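Good morning, and thank you for coming.

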Amino acid sequence: MATHPISLTINGKGQQSSVESRRLLVHYLRDELGLTGTHIGCETSQCGACTIMLNGSAVKSCTLFAVQADGAEIMTIEGLAKDGEMHPIQEGFWEEHGLQCGFCTPGMIMSTYDLLQKNPNPDEHEIRHALHGNLCRCTGYQHIVKSIQYAANKMQGATVAD
Amino acid sequence: MVVSDQRVIGRPMPRADAPAKLNGQERFAGDLALAGLLHARPVLSTHAHARLVGVQSEAARAVPGVVTILTAADLPFAQGGPPRAAESLAREEIVYAGQPVALVLAESEGAAAEAAALVEVQYEDLPVVLDLVAAMDPGSPLARSLTKMGEDAAEAAMHGVGGGGAAEEAPQEKLSANVSGQTHLEMGDVATGFAAADVVAEGTYDTAWVHQGYIETQTCVAAPDGMGGVTIHASTQGLFRTRQVVAQTLGLAQEQVRVVAMPVGGGFGGKFGLIEPLTAAAALVARRPVRLGFTRGEDLLAANPTPAGRLEVKIGARRDGKVTAIQARLIFDTGAYPNSPMAGAAFAVAGCYHFPNLDIKGFEVMTNRLGPGAYRAPGNPQASFAVESVMDDLAGRLELDPIAFRLLNVPSEGDPRPDGKAWPIIGLKDCLERLSVHPLWQRRAARGATNGGRFREGIGVGVGGWRGGLEPAAALCHVDPSGIVNVVVGAVDLSGTFTTFRMIAAETLGVDYELVRVVGSDSTNAPYSGGSGGSKIVYTVGQAVQRAATDAREQILELAGQILEAAPQDLEIAGDRVRVKGMPAESDYEVTIAKIASLTSGFGAKHAPIAGRGTGAQTANAPGFSAHLARVRVDLDTGEVTLLDYVASQDVGRALNPAAVEGQIIGAVVQGIGWGLYEQLVHDENGQVVTGSLMDYALPRAEVVPHVETVLVEVPSPDGPFGARGVGEPPVIPVAAAIANAIHDATGVRPGAIPITPERLWKQIAAG
């Protein structure tokens, strides 16, 4: 199996690897880099458990080959907290009970990150629409919506304070 | 809400284990990379019923990285293991499309997948049995024609779905050998009951195969322990059950199997030891760790969803609104392995009302579909859909308010259950009363203001109940030398139960919540606990935790009494210390738990460590009932149903952690919405699953579910910790019924099958 050199930035750190052509980005992240916070739930890009940020947008890492990420800037769930401080989105999911089993959670958080970056003050409908690519089987979504509202408020407050 | 002076119990507490799950550090079973790990990929049968003629694997073995390819003959299985586990790889007879036939072990996922696709299986087709009713006919071909197998009763019992006193009777009609089980509940005389009725309503209701839909597929890592045994890191709801299944299948002593329960990425009844025997066997054969994680496609084809059923229900009532009799005939598909929710459904059909006469027959029928497993309140959503539809029809004919009609018939403490035993104190009446005064129900009269055009609105009610599961449980509570209180259990935390245990222990001990930890240990080291299913963990293990904490508290006070020179009964625990009651917070009158603990450790220390022990075997069920309201809008032109409002009331006994309880209820309601409107595993006429991905199998998404209002009713259970009842099961039960009744209210059309897809509903509407 042919391999290809790739160079990319992951959670702020440069990374050089040699990957098989068929290697999916999600497998590269999980199996080669040990970033197992990105989960796999379906392989057909329906569940969103593998969602990451790639060049500033949320993508499902099971839909890309690792070679396609050559030169990209990637953030995974492991890169969200800074200096041991939870990101407001993580805090929101904790405070508002936005998780039960926790398996969909990293993907949910990444999709939320994407949403709040584009729409800092979403209403409930906009939040639910933004989650249409992420499945959760435990929570019924309601507390996830509340978690995102919490995060939006907190992040807006922080912006105002700045 | 119960007014109490409890410090911790009753407050919404965030999940104790959230941080790891929020920052990507949690390790699920599929995240374990043991040294020397082999990757497994199953080869699934493409035929639903066939003689397995041969497996050609030469081309597959030539793929670089392939270590071996196993078939049934290679597995070190003992005789007489659990039927489904014994056929983890097909033997002589393939009994469903999707049944694993071979298992590839390779150095990488990629090599394993590549090789699996190259394995060729030779089949000799046998007649495929799929139609439930036809399969019961004595002349039907058999779903299993070359081989026989028995019933795995233990699994059904562990979910609390056993017949509960149901009399097994000799079959009264001539039936095919495809009928693998029957149940019969009888009380009074239904002929007399129907004769006394002024109105009789009846209907036939079909329900689909529904998958538990956990987002983490079935996953397990097994490693040989070097001494003939095996250690299994599993995504399992029950470590002891999984240990038992693996040991029986492999012919090992239970002590040779160590099951480590990893965090479970959703279970809902579907994770009780399905792929673990196969993975363990592969690890023993290969003498290396093996990881098997189903793809989503494999999980939809070869896991253990809950099966389809057909429920015929007939109920009679008098003009005054009292029901007189119920007669029901329930037929459940049980696929290739007997494990259907027939018995649970039989109880549930008559479980919410006081029927003086009842006659309920259940049949479980084998077909060439995958074997079923448990799914949250097994058999109950189906029973509720059928019974609540008929109850609604009766209310209509009697011109009674549907809630008022139900309130006339709900059982209360002392009334007989369907199996003749008496109901304990239950809160069903309270749940319905809360709904009857709810603004949504009060506004029901005005619901039709906009009706008349293309869109119709309606409001429906549904009721459901869960008997509650029972299983013995033990817990330990020890104080480590730093003063931290550790609670050790053998249960698995599915939805925050460990956080609730922590609250129970903190409340019982009197210490700060922050000082308590809860540890779930493995099957070798943990004290016994039942699997996390059947809404029984807080009720049973929670009781053991409470007792262990009480024991530890007594030991702490005893030792503190020696230190403070006071009688234990004159002491109190507050925060992180013990002090003499009524005395000022000064060092002479108090001692920290850390100080006490330090005296119980270290070379030459003179006091025994503090180690509390709690055990229990709950014998009385604490049933949990729920009653729901749904408001829908139906598009008559397309048959599409939109949920506008939803209210879920439930008797939770005592909401120990209201945040967790509400989360469970809302999550279950959304699963119920899946039951009602979206989810079905569909097999084609050859027995092939045609909904083999999440593109085809429709799980509810955030956009299609409404805001769910929860109404917590608290009728304390006599034996649960702080009055708690099981919470997980009840709220999934009435959802499909409430939606169906709302659709009937909106359109006059009575849905006869779930899920109520636009196509089905449109056809019914079009047919008038």
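Predicted model: local features only at pLDDT ≥ 70, side-chain atom pairs only at ≥ 80, totals over all residues.

I begin with chain A. Its assignment divides the chain into domain 1, residues 3-79, and domain 2, residues 88-161. The C-alpha centres of these two domains of chain A are 22 Å apart. Where they touch, domain 1 of chain A contributes 14 residues and domain 2 of chain A contributes 12 residues. Which elements of domain 1 give two or more residues to that side? They are β3 (51-54) and β4 (57-60) of chain A. The largest share, three residues, comes from β3(A). In terms of residue class, the side of domain 1 of chain A that touches domain 2 has seven nonpolar and seven polar residues, with no charged residues.

Let me turn to the contact between chain A and chain B. Chain A gives 43 residues to this contact, and chain B gives 43 residues. On the chain A side, the elements that supply two or more residues are α2 (88-95), α3 (105-118), α4 (124-130) and α5 (142-161). Which of the elements gives the most? That is α2(A), with four residues. By class, this side of chain A comprises 18 nonpolar, 18 polar and seven charged residues.

In general, two packed helices are described by the angle between their axes and the distance between the axes. For α2(A) and α3(A), the angle is about 130 degrees and the axes are 10 Å apart. The two helices, α2(A) and α3(A), are therefore oblique to each other. The residues in contact are A:I89, A:Q90 and A:F93 from α2(A), together with A:T105, A:I109, A:T112 and A:Y113 from α3(A). Four of the residues in this contact are nonpolar and three are polar, and no charged residue takes part.

In the loop between α2 and α3 of chain A we find A:H97. Phi of A:H97 is near 60 degrees, which is a positive value in a residue other than glycine. Is A:H97 buried or exposed? It counts as buried, because there are 26 C-beta neighbours inside 10 Å, and 20 or more are required for that class.

Helix α16 (residues 497-509) of chain B packs against helix α17 (residues 537-564) of chain B at an angle of about 35 degrees, and their axes are 9 Å apart. Here, too, the crossing of α16(B) past α17(B) is right-handed. Among the residues that make this contact are B:F501 and B:I504 of α16(B), and B:V545 and B:R553 of α17(B). By class, the contact of α16(B) with α17(B) has nine nonpolar residues, six polar residues and one charged residue.

The loop between β19 (516-520) and α17 of chain B holds B:S535. This residue is not a glycine, yet B:S535 has a positive phi of about 55 degrees. B:S535 is buried, with 25 other C-beta atoms within 10 Å.

The bond from B:I754 to B:P755 is cis, with omega near 0 degrees. B:P755 lies in the loop between α20 (735-747) and α21 (758-766) of chain B.

Key. Residues numbered from 1 in each chain as written. Chains lettered and ligands numbered in written order. Axes fitted to C-alpha atoms, helices over the stretch in contact; angles between N-to-C directions. Left-handed = near helix turned anticlockwise from the far one by under 90°. Contact = placed C-beta atoms within 7 Å. Nonpolar A, V, L, I, M, F, W, Y, C, P; charged D, E, K, R; others polar. Domains from an automatic or database assignment. Parallel < 35°, antiparallel > 145°, perpendicular 65-115°, else oblique. Buried ≥ 20, exposed ≤ 12 C-beta atoms within 10 Å, placed from the backbone.
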